[in-house]
Amino acid sequence: MSWDDFAKHAKEAANWGADYHKTIRDRPVRAQTAQGDIAKQLADSPPEDGTNLTAIMADFERIVMPGITHWQHPRFFAYFNSNAAPASVLAEFLVSIIAPQCMLWQTSPAATEMETRMMDWLRQGLGLPGTYQGVIQDSASSATLAAVLTMRERVLEFRGNIEGLHGQPQLRIYCSDQVHSSIDRAIWVAGIGQDNLVKVRTTGDLRHMDPIDLEAAIAEDRQAGRIPAGVIAATGATGMGACDDLESVAAVAEEHGLYSHLDAAWAGTAMICPEFRALWTGADRFDSIVFNPHKWLGAQFDCAAHFLRDPDQLRQTLAIRPEYLKTHGAEDVIDYSEWSIPLGRRFRALKLWFLMRHYGMEGLRTRIRNHVTWSQALCDRLRAEDDFEIVTEPILSLWTFKAKNASDEQTQALVDKINDDGRIYLTQTIVDGRKVIRFQAGQFDCEERDFDTAFETITEIARRP
Ligand SMILES: *Cc1c(COP(=O)(O)O)cnc(C)c1O
């Protein structure tokens, strides 16, 4: 393809993108295809001869689009949103054209220097102290794995990487029973083992880790000769938004010398609004904090912001410097590949620069505030209906509900019927052993009318005979 042809097709793709977004409300949110529908339209083997882009684009529309669940749909109220604000999409387009590999400072100084500055903009936006430094990871899962590896190596005095884990003391890591599955997986991958992840009981409306149970678990482990290595807290866990009492968790971590990590993958974005920061009072006492700008903030996937109080502990855990990765003559630069598990790194800071400059922090705050206000208003509307009950109260824009007296099977059937209808998209979760329906709002372009549609869809489908 010539670059003139590239320009022609890129303009077509840009127009396609604008039309897609302008008419997206006409599409069902969740893909309505059956299993195998897409696969059977794809050729069994790769073609020997090339095809022109016009034909490929037509096949994209015909074959691919029906099998897409529209994550950028304003009525996507499932999981957590994975946003792609148009300004950040443009930045990603430019990055995919330049396609730099940003593992070292010298492999693109602009990427490293912008990453340092953008992480500092985010730090200021969240109200964290200047003692934190940041790195962009591909996902919250990777940030958590990096933190767990740091917990392991720090407590083993960096012997684990060299000697392996065989014959080392039994390490223990603590978290609540509400944490995301990425915590469990980090424990598996780090070789610590599921049995050594101690899940502390949660209490209260915010379902926080019981600090007395946490203390007791640590004491019992010490008594038995096991080594407490770290604690992982959550602000806005995935199920119903559980928030740990960070002051009490940090106090325990400090008292026992544990490395502390905070998973605020979703709710972290809301901390750009000072009025929501009460949910994470004490965050500034944690060694490591992760939140995903690709969720609520609007940076295109993927972009996980990872803040560290002492990046040297992470660097000591992950850095490895063979001759071919040395930057001679510039020894004091940051090589961010030493702060993350993969060596290769995309230029992710550019989309943060476009995003924060174009909307401004106040523009981003307004969106978050609207989502929270509209979501809580919908919760109140549903609460006022005789045939619905609110199971967990809103934490930011996340709450759970069910039809009164519905069995777990009936609740699941309602979720499925709503998603087959296509106007909105919701998911289910378990709260206190009961199946409930989960509602959360955070799509970048959603409007108040989308919440009216949600109310109409939920009540209408639930009342259908
Ligand atoms: C989404 C989410 C994660 C996982 O994020 P990835 O970036 O997909 O790895 C972890 N923890 C919480 C609380 C989340 O909401």
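Visitor: By class, how many nonpolar, polar and charged residues does the shell around the ligand have?

Guide: The model examined here is predicted. In this model, 13 residues surround the ligand, the closest being A140, S141, D263, N292 and K295. Sorted by class, the shell has 3 nonpolar, 8 polar and 2 charged residues.

Visitor: Which helices each supply at least two residues of the shell around the ligand?

Guide: A140 and K295 are among the closest residues to the ligand. The helices that each contribute at least two shell residues are α5 (140–155) and α10 (293–297).

Visitor: What percentage of the ligand's exposed area does the protein bury?

Guide: The ligand has an oxygen atom 2.8 Å from a backbone N or O atom of A140. An oxygen atom of the ligand also lies 2.5 Å from a side-chain N or O atom of S141, and a ligand nitrogen atom is 2.7 Å from a side-chain N or O atom of D263. Taken alone, the ligand exposes 390 Å², and the share of that area buried by the protein is 87%.

Visitor: Is R348 buried or exposed?

Guide: R348 is placed in the loop between α11 (311–318) and α12 (349–383). Its relative accessible area is 8%. The cut-off for a buried residue is under 20%, so R348 is classed as buried.

Visitor: With which side chain does the side chain of R348 make a polar contact?

Guide: R348 is a buried residue. At 2.9 Å, the partner of its side chain in a polar contact is the side chain of D302.

Note on methods. Residues are numbered from 1 along each chain as its sequence is written. This is a predicted model: local features need pLDDT of at least 70, side-chain atom pairs count only at pLDDT 80 or more; totals for chains, interfaces and linings use all residues. Side-chain values use heavy atoms; hydrogens and water are left out. A residue is near a molecule or strand if one of its heavy atoms lies within 4 Å of it. A polar contact is a pair of N or O atoms within 3.5 Å; within protein, one must be able to donate a hydrogen and the other to accept it, and residues adjacent in sequence count only if both atoms are side-chain atoms. Accessible areas come from the Shrake-Rupley method with a 1.4 Å probe; for residues, only the protein chains shown count as cover. Helices (H or I, at least four residues) and strands (E, at least two) are DSSP runs, numbered from the N terminus. Ala, Val, Leu, Ile, Met, Phe, Trp, Tyr, Cys and Pro count as nonpolar, Asp, Glu, Lys and Arg as charged, and the others, Gly among them, as polar. Buried means under 20% relative accessible area, exposed over 50%, partly exposed in between (1.4 Å probe, protein chains only).
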